[in-house]
Each structure stands twice: as structure tokens, then as C-alpha cells.
Amino acid sequence: MRNIAIFASGAGSNFDAIVQAVERGDLEANISLLICDRVGAPVIEKAQRHDIDTVVFTPKVYDNKAAYEAALLEDCRSRNIDYIVLAGYMRLLGPTLLKPYQNRIVNIHPSLLPAFPGKDAIGQALDKKVKVTGVTVHFVDDGMDTGPIIDQEAIRIKEDDTEEDVKQKIQAVEHRLYPEVIQSLLVKEESK
């Protein structure tokens, strides 16, 4: 069974979805590690409730991004991490992590990329008054939400939808789609 590390910065709703998929047997992986870059983030308590090893790194205590990522890489290697799953991790990754984990770092984004990359994708979609947005799962590269797309699913925005309505629709898709995509990647890896 493959070992995954989840990188998160906030509340951890996608973290919850991944953990639940593992517990149901829908996702055949060991969640070996949570890496968080924010002291006190709610996702930390969630990981602790599930007895998942948790490491909290404060990036500003490192000399530079490469030194910070070298510490993350060391923790991943010490636990034989096969895949890194970003779940609301609000930092761009650099070559220190991207090279050793090329095509083995995935992210989920609340838009149909390449539309609305970066922060507040739902707000961007509403500002543009689009009728369709959605969810994208993609491999991570050194850009902001620019890596190769693995899967996408659309949702409709109704005229009277609030930002909270759209967020709930997006999260319903994310919480189902992300574990499915991770499982399909792990199955492909096993068949190699």
C-alpha cells in the first residue's frame, strides 16, 4: 500500500474527505503524514484525532524556501512517502520538492483551470458572472495552478447562488472527486 503525505494550511475539509475515503476502503493508501505550515490550523487537530503523524513547519524560521522544502523533503523521505497530496496548502512548491516527487504531487483547485487560478477562485468566477465553474485536480509544477490537468468536473452557477452556495457545490464535488483521482493514480502506479 502506498504512503501519502497531505500538505494543508487551513480547516482541512479535503483532508477529512481523504481520511474518510481511506477509512471506507475507497482509497487504498496509508496517510502517513500531515505537513502543515500554520501553527494552530484546524487540520492539525483533525489529524491528531485520527492518529496521523503531524509536523508543523513555520517557513519564516528557515533561511530560504529551499531550506524550508529540504526539511519537508527529509520528513517525507523518512516516512517513505510515495505521493504528496496538497489539500488547501497555500504555498507554491519549488524544485527541492518538485524534482524528487515529479508527477507525484497533486493539487485540487476550485475552478475549471486554466480559468481562475490562484486565490479566491470562487469569488473570481462570481465576479465574471460565469454560469459554469468547477473543480480541477492537477499535477503540481512550479507555477500557480499551471500543472497538467488530471481530471475536472463542472458545476452550474445559478443566478441567485451566493458565494456560500457555490462553495458548497464545489466542496461536494471536491470531497468525492479528489479521493477518486488519488485512488486511480495509485492503481496506475501499482500496475507499472
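Q: At what angle do α1 and α2 pack, and how far apart are their axes?
A: This is a predicted model, in which local features need pLDDT of at least 70, side-chain atom pairs count only at pLDDT 80 or more, and totals for chains, interfaces and linings use all residues. Residues are numbered from 1 along each chain as its sequence is written, and side-chain values use heavy atoms, without hydrogens and water. Helices here are DSSP runs of H or I with at least four residues, strands runs of E with at least two, numbered from the N terminus. Between α1 and α2 the packing angle (0 to 180 degrees between N-to-C directions, axes being lines fitted to C-alpha atoms over the stretch in contact) is about 15°, and the axes are 9 Å apart.

Q: Which residues make the contact of α1 with α2?
A: Contact means heavy atoms within 4.5 Å. From α2 come Val-43, Lys-46 and Ala-47. From α1 come Ser-13, Phe-15 and Asp-16.

Q: Which residues of α2 are buried, and which are exposed?
A: Buried means under 20% relative accessible area and exposed over 50%, with partly exposed in between (1.4 Å probe, protein chains only). In α2, residues 42-49, the buried ones are Val-43, Ile-44, Lys-46 and Ala-47. They fall within an arc of 160° seen down the axis (directions from the helix axis to the C-beta atoms), so they line one face of the helix. On the other side, the exposed residues are Glu-45 and Arg-49.

Q: What covers the buried residues of α2?
A: The cover includes helix α1 (13-24). It also includes β1 (2-8), β2 (29-36) and β3 (54-56).
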